[in-house]
Amino acid sequence: MSLALYEKAKKSGDKAYKEAISKGNHPYLPVLDDIINREDIVGDVNLGLVTIPLDRVVGTATAGRTQAFAKNFMPIMNEKTEFGVKWSALCDSHLEEGIHDPIKVYEYLNYYYVVEGNKRVSVLKFFEADSVPAFVTRRVPKKTDDPEIRIYYEFMEFYKQTRVNFVWFSKEGSFPELMYRVGVDEDAPLKTSETMVGTVTDSADGAGTAVRQEIGKLWTEDTYLDFKSAYYRFERAYKAAGGDSLVDVTTGDAFLNMLELLGFRAICDMTDAQMLAQVKSMWQEFQVINEKEEVEVSMDAPDVKKAGLLTQLFTSAYSETNPLKVAFIYDREPVLSDWLYQHELGRNHLKEVFGNKITTFKVTTAGTNADAVALMENLIRTKGIQVIFTTTSRLIDASLKTAIKYPNVHILNCSLNTNHRYMRTYYTRLYEAKFLSGMVAGIMTKSNKIGYLADYPIFGVPANINAFALGAKMVNPNAKVYLKWTTLDDSISRDDIYRMYYEGGVDYLSDLDMITPKRASRRFGMYKLEENGEPVSMTMSVNNWGVFYERIINFIMNGAWDDTDSDNEKKAINYWWGFSSGVIEMIMSKNVPKETERLINAMIDLIRYDRLVPFEGEIRSQDSKVRNKSGERMEVDAIMEMDWLVDNVVGIIPTISELKDRAKQIVELKGVKKTEDEDPGNR
């Protein structure tokens with residue numbers, strides 16, 4: 001029996017050997033001594049007796065027995081040799097009572113290299129065992145900027161807190177993200193979980209990086225067992241669906257992708273059949289995990305043409321008796337938030353434009369993510385909702401989960417930098433108007449000190465700040481923009497900030513973009529500061545959400561929704577429209593001199609027809625680093641993901657830990673998430 005099994009194992013080894021030779025590759029097991037030099041290692045760490053995954057046992061520590069095995073750890077020596085006899089005897093022993101004696105290995109970059117027990121590994125791999133007990137010594141590499149080394153340092157911290165050694169990722173940030181996602185309690189209110197941002201050394205020059213970690217929490221035994229069960233069931237389904245064929249996508253990458261969409265508890269509760277069905281439904285998502293270019297940013301609203309006759313036959317004719325049903329989801333009452341109030345005005349605009357052809361629902365949820373999902377599902381089932389706009393990034397996870405379950409419902413979330421094809425996202429290029437407000441401030445200032453009051457350090461906001469500063473600098477090279485944040489976790493009130501600005505010599509200030517009925521202050525837009533008096537309004541940058549929503553609804557009503565999509569259905573769509581689409585406006589008061597008003601109106605036309613863009617030519621950040629070269633326009637992704645400040649801004653982008661609780665939750669989802677130590681450009 002064992003002889004026949006050895007012959008079968010040897011055939012597998014011979015095949016792997018020949019394939020390696022034909023491709024010009026090394027045909028034997030990798031040898032750790034050949035891979036690393038002693039000077040590459042900072043030290044060894046004894047991990048003790050650990051159960052290790054066999055699929056990550058890839059080689060031997062020394063060259064002694066390496067040529068007895070092919071690269072797949074199957075034997076290639078003749079069955080009549082001493083090696084063949086011992087392998088066969090070990091095979092008999094495994095069949096009778098199992099292999100229980102631990103092997104001895106070195107671990108390096110989360111791969112294992114055998115010191116003692118090569119034949120045990122070979123036999124266990126032949127029988128497709130999952131794991132083996134081992135005495136493990138970790139060889140810790142020097143920290144460098146090599147991506148694999150950086151990921152490995154994240155893994156070591158992850159391993160300390162979880163003892164999980166069977167997961168690997170291809171991207172930085174994935175291990176702390178996994179910790180966060182598994183630690184999220186989906187029945188908790190929509191607020192940030194207890195987290196901290198720790199700075200760890202991550203390069204040879206001592207620079208640091210922000211790593212999100214659960215505060216002082218180790219995984220319990222139950223969490224570990226739940227995770228292990230869910231992960232291995234996912235792995236079986238993923239491989240059954242063809243996961244091994246995806247290039248540069250690890251099983252861990254795919255699992256984290258599903259975890260982000262569905263949540264840990266939902267995955268744990270799946271049956272094997274449900275797991276396989278879910279993996280198959282997400283297959284296109286897995287294919288583009290590492291393909292950032294697959295996200296399509298729509299910079300201008302396409303023309304809506306009436307659909308062809310065939311499309312019209314399959315498109316509902318919307319009328320008073322058959323209206324399009326649209327829901328707007330808010331995370332609090334719109335009258336309490338200048339941001340949400342703008343969207344509520346947009347909803348009312350739809351009613352005026354489309355009349356009885358549309359029915360809109362205003363829905364507020366302040367509960368958990370699970371509550372938000374349940375609310376949207378109920379709207380779809382009981383009200384027949386066909387379009388959902390979720391108006392804040394706090395609802396992005398709930399939006400994704402609902403979109404996956406109801407693919408025929410059009411779901412859009414108001415946020416930037418999201419790359420999931422199941423739903424679309426939208427935002428405005430408000431930075432175009434901010435650029436022009438900055439020009440007005442640069443012209444009007446007498447002190448060359450201009451203030452900018454911002455709320456949340458999330459994607460899109462640094463672009464607004466920088467565009468404002470560049471506009472001021474274009475007309476006044478001596479102008480400085482003094483940046484402050486309203487969401488910092490301290491006792492300073494808005495009135496304190498206004499007083500500090502005035503006493504510091506700031507004479508013009510960019511403040512809120514909109515007022516609400518509950519807060520009818522004159523302090524909005526860009527205005528002149530007056531001591532103990534009413535501000536003197538100058539300009540206002542406006543998101544015209546009504547125009548945006550009108551265009552989107554037109555797409556749907558005319559059967560042109562898919563026409564606005566990419567030719568490649570795997571691409572995610574982000575709408576990011578500006579002056580050219582009519583979704584932003586620049587309003588100037590009578591206090592702006594006529595000559596300046598004429599200049600700004602001319603600039604609006606230049607931007608609208610793409611003859612001028614704010615982020616063009618040489619642009620330097622606060623650390624004097626060139627962020628955009630002379631004669632070039634900045635790439636869309638670089639603007640969208642901007643996490644630095646231009647050189648005439650005085651201030652910082654705050655860390656998550658410095659923010660108020662409500663701000664932390666939003667920044668966790670869509671924040672820039674930089675620390676001051678990480679990037680000198682943030683100082």
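Reader: How many helices and strands does the protein have?
Author: Quick caveat: this is a predicted model, where local features need pLDDT of at least 70, side-chain atom pairs count only at pLDDT 80 or more, and totals for chains, interfaces and linings use all residues. Residues are numbered from 1 along each chain as its sequence is written, and side-chain values use heavy atoms, leaving out hydrogens and water. Helices (H or I, at least four residues) and strands (E, at least two) are DSSP runs, numbered from the N terminus. The tally is 22 helices and 23 strands.

Reader: Is Ser621 buried or exposed?
Author: Ser621 lies in the loop between β21 (619-620) and β22 (626-628). Buried means under 20% relative accessible area, exposed over 50%, partly exposed in between (1.4 Å probe, protein chains only). Ser621 has 0% relative accessibility, so it counts as buried.

Reader: Which side chain joins that of Ser621 in a polar contact?
Author: Leaving out residues up to four places away in sequence, Ser621 touches Trp644, Leu645, Val646 and Asp647, and Arg627 as well. A polar contact is a pair of N or O atoms within 3.5 Å; within protein, one must be able to donate a hydrogen and the other to accept it, and residues adjacent in sequence count only if both atoms are side-chain atoms. At 3.0 Å, the partner is Arg627.

Definitions and conventions. Contact = heavy atoms within 4.5 Å.
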